[in-house]
Amino acid sequence: MIRRKLGWLLVGFFLFQSLWPFPSEAADLEVLEPRVPHDQIAKARSWENPFPSTPENIEKGKHIFHGKAFCVTCHGPDGKGLGDIPGLRGKLPRNFTDKTWQAARTDGELFWILQNGSPGTAMASFIPLVLTEEEAWYVILYVRSFGNGVKFRKE
Ligand code: HEC
């Protein structure tokens, strides 16, 4: 009798889990921790993208993302980030379709990452060896396009 009840409890538990409305990926709060060090973040947040988000400019960023900056090899053609790449040292490439992440970051913080990389992860610095500052701003427009119009932090 008790066993049968336990069985139903388990069934109920799994049903509950599968009906739970919040997807488990959304619970990864670790990625929301700023990557820019404390003493530099105010400055980084004051930088603004000099280029407007027009379809032409986003296209320029896409070209760089898929081309010479090879961002696509880690962040994937859909921006969701590939998982099992050798040498990742524990941190997965950012999923750019994560709207909570998009909302948490300013453009300036993303620019800082392209200048300095994310220390201790496979995210390297790209400016100035691979990207000029202008090209980096275009790529950031493309990265933002994965957020599908989500409003992000301005400062
Ligand atoms: C070798 C794999 C690799 C390549 C190539 C790569 N990234 Fe990354 N990227 C990562 C990883 C891993 C992270 C996660 C770092 C972390 O968690 O701090 C990341 C994180 C990021 C972030 C988020 C940082 C934050 O503040 O959360 C941005 C933006 C980014 N990458 C942009 C780019 C762009 C643009 C390119 C191409 C110019 C690129 N990445 C190329 C691996 C890569």
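Me: Where does Asn-148 lie?
Reply: The model is predicted: local features need pLDDT of at least 70, side-chain atom pairs count only at pLDDT 80 or more, and totals for chains, interfaces and linings use all residues. Residues are numbered from 1 along each chain as its sequence is written, and side-chain values use heavy atoms, leaving out hydrogens and water. Helices (H or I, at least four residues) and strands (E, at least two) are DSSP runs, numbered from the N terminus. On that numbering, Asn-148 lies in the segment after α7.

Me: Is Asn-148 buried or exposed?
Reply: Buried means under 20% relative accessible area, exposed over 50%, and partly exposed in between, with a 1.4 Å probe and protein chains only. Asn-148, which has a positive phi of about 55 degrees although it is not a glycine, has a relative accessible area of 64%. Asn-148 therefore counts as exposed.

Me: How many helices does the protein have?
Reply: From the N terminus on, the elements run α-α-α-α-α-α-α. There are zero strands, and the helices come to seven.

Me: What percentage of the residues in the protein is buried?
Reply: The protein has 155 residues. The buried ones make up 34%.

Me: In which pocket does the ligand sit?
Reply: On a 1 Å grid over the protein atoms alone, a pocket is an open set of points with protein on both sides within 12 Å along at least five of seven lines, whereas a cavity is a set where a 1.4 Å probe fits but cannot get out; lining residues have an atom within 4 Å of a point. A molecule sits in one of these if more than half of its atoms lie within 2 Å of its grid points. The ligand sits in the largest pocket.

Me: Which elements give two or more residues to the shell around the ligand?
Reply: A residue is near a molecule if one of its heavy atoms lies within 4 Å of it. Of the 25 residues around the ligand, Cys-71, Cys-74, His-75, Ser-118 and Met-123 come nearest. The elements that give two or more residues are α4 (72-75) and α6 (107-116).

Me: How many residues of the shell around the ligand are nonpolar?
Reply: Ala, Val, Leu, Ile, Met, Phe, Trp, Tyr, Cys and Pro count as nonpolar, Asp, Glu, Lys and Arg as charged, and the others, Gly among them, as polar. Four residues of the shell are polar and four are charged. The nonpolar residues number 17.

Me: Which residue has a polar side-chain atom 2.6 Å from an oxygen atom of the ligand?
Reply: For Arg-94, a side-chain N or O atom is 3.1 Å from an oxygen atom of the ligand. For Trp-101, the distance from a polar side-chain atom to a ligand oxygen is 2.9 Å. The residue at 2.6 Å is Ser-118.

Me: How many disulfides does the structure hold?
Reply: A disulfide is a pair of cysteine sulfur atoms within 2.5 Å. Cys-71 is buried because its relative accessibility is 13%, and Cys-74 is partly exposed because its value is 24%. The number of disulfides in the structure is zero.

Me: With which side chain does the side chain of Arg-45 make a polar contact?
Reply: Arg-45 is found in helix α2 (residues 38-46) and counts as buried because its relative accessible area is 17%. A polar contact is a pair of N or O atoms within 3.5 Å; within protein, one must be able to donate a hydrogen and the other to accept it, and residues adjacent in sequence count only if both atoms are side-chain atoms. At 3.1 Å, the partner of Arg-45 is Glu-109.
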